[in-house]
Amino acid sequence: MDLGKEILKAIQIMIDKKLDNYKVDITYQSIIKNITPKGYVVLDRSGQERTVQCCIPGVELRPMQSVYVKEPMGKLNDIHICGVKGK
């Protein structure tokens, strides 16, 4: 085997292992299904309904409105509405 190819292959394996453990904020588009006293019911990335809060002060949201949802560091417990999609 070529030594250069083996070195590159080893480096790629190390990078892949490091990226598997890397957590990032994930932002995606969703829709408000319902509004309850506990918060807004939106769909998460897997299509499950979640009740979340909105972090935008002074904004009024309504059912069927398109919004942007953020999962900080991939934590579903901290999911929140971070933006409103324009018309």
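Me: Two strands count as paired if DSSP finds at least two bridges between them. Through how many residues does a hairpin join E1 to E2?

Reply: This is a predicted model. In it, the hairpin leads from E1 to E2 through two residues. Strand E1 covers residues 26-36 and strand E2 covers residues 39-43. The two run antiparallel and are joined by four bridges.

Me: In what order do the strands close into a barrel?

Reply: Five strands form the barrel, in the order E1-E2-E3-E5-E4, and the pairing is mixed. From one strand to the next, the twist averages 55°.

Me: Which residues make up the largest nonpolar core?

Reply: To find such a core, one looks for buried nonpolar residues joined through side-chain atoms within 4.5 Å. The largest one here has 10 residues: Tyr 28, Ile 32, Tyr 40, Val 42, Val 52, Leu 61, Val 67, Val 69, Ile 79 and Ile 81. At least two residues of this core come from each of E1, E2 and E4. One of the core residues is Val 69. Not counting residues up to four places away in sequence, Val 69 touches Ile 26, Thr 27, Tyr 28, Ser 30, Val 42, Ile 79, His 80, Ile 81 and Cys 82.

Me: Is Glu 71 buried or exposed?

Reply: The cut-off for buried is under 20% relative accessible area. Glu 71 has 1% relative accessibility, and therefore counts as buried. This residue is found in strand E4. Apart from residues up to four places away in sequence, Glu 71 touches Val 24, Asp 25, Ile 26, Tyr 28, Arg 45, Leu 76 and Ile 79.

Me: How does Gln 48 count at 48% relative accessibility?

Reply: Gln 48 counts as partly exposed because its relative accessibility is 48%. Gln 48 lies in the loop between E2 and strand E3 (49-54). If residues up to four places away in sequence are not counted, Gln 48 touches Val 42 and Leu 43. The C-alpha atoms of Gln 48 and Asn 21 are separated by 24 Å, and these residues are 27 residues apart along the chain.

Me: Why does helix H1 lie largely in the open?

Reply: An α-helix has 3.6 residues a turn, so residues three or four places apart point the same way. In H1, the number of buried residues is zero out of 18, so the helix lies largely in the open. Helix H1 spans residues 3-20 and reaches 26 Å from its first C-alpha to its last, close to the 26 Å expected at 1.5 Å a residue.

Me: Which residue caps the N-terminal end of H1?

Reply: Asp 2 is the cap: one of its side-chain oxygens lies 3.2 Å from the backbone nitrogen of Gly 4.

Methods
Residues numbered from 1 in each chain as written. Predicted model: local features only at pLDDT ≥ 70, side-chain atom pairs only at ≥ 80, totals over all residues. Heavy atoms only, no water. Expected span 1.5 Å × (residues − 1). Buried < 20%, exposed > 50% of the residue type's maximum accessible area, 1.4 Å probe, protein only. Polar contact = N/O pair within 3.5 Å; in protein donor to acceptor, adjacent residues only side chain to side chain. Axes fitted to C-alpha atoms, helices over the stretch in contact; angles between N-to-C directions. Contact = heavy atoms within 4.5 Å.
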